[in-house]
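Me: I have a structure to read. Please take me through its features, general idea before the case.

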Amino acid sequence: MSKDIHTEAVNHLFDAILCLQNREECYTFFEDICTINELLALSQRFEVAHMLREKKTYLDIAEKTGASTATISRVNRSLNYGNDGYDLVFSRIENKNESK
């Protein structure tokens, strides 16, 4: 049984994130709300997802990111069977980079 993440507290957190205006504000906020290890873990998963989309091997990903094969597998499962959140963000990043 999975937990419902659609709560008022999560809404408040997302509203706070959405009001951040630049990278420096993100650093300021996330350094307060996360431990360094939590923030590094999130960024590692994002990098793993990027590399998986580029069809890199688990071995290449593990060597470059330091992620365990369990983490790589979990991210791969999200890419293949998740809610398409990674795809949404990567698509927007690609569109932003193309418009520069």
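Reply: Start with exposure. A residue is buried under 20% relative accessible area, exposed over 50%, and partly exposed in between (1.4 Å probe, protein chains only). Note that this is a predicted model: local features need pLDDT of at least 70, side-chain atom pairs count only at pLDDT 80 or more, and totals for chains, interfaces and linings use all residues. Residues are numbered from 1 along each chain as its sequence is written, and side-chain values use heavy atoms, with hydrogens and water left out.

Me: Is Y81 buried or exposed?

Reply: Y81 has a relative accessible area of 69%, so Y81 is exposed. Y81 belongs to helix 5, residues 69-81. Helices are DSSP runs (H or I, at least four residues), numbered from the N terminus.

Me: How does L13 count?

Reply: L13 counts as partly exposed because its relative accessibility is 33%. L13 sits in helix 1.

Me: Which residues form the nonpolar patch on the surface?

Reply: Nonpolar side chains (Val, Leu, Ile, Met, Phe, Trp, Tyr) are joined within 5 Å, like charges within 9 Å. Accessible areas come from the Shrake-Rupley method with a 1.4 Å probe; for residues, only the protein chains shown count as cover. Here the patch is L13, F14, L18 and I33, with about 390 Å² of accessible area together. Helix 1 gives the most, 3 residues.

Me: How far apart are the C-alpha atoms of Y81 and N95?

Reply: They are separated by 23 Å, with Y81 and N95 14 residues apart along the chain.

Definitions and conventions: Patch = residues over 30% accessible without salt bridge, like charges linked within 9 Å, V, L, I, M, F, W, Y side chains within 5 Å. Salt bridge = Lys/Arg side-chain N within 4 Å of Asp/Glu carboxyl O. Helix = DSSP H or I, 4+ residues; strand = E, 2+ residues; numbered from the N terminus.
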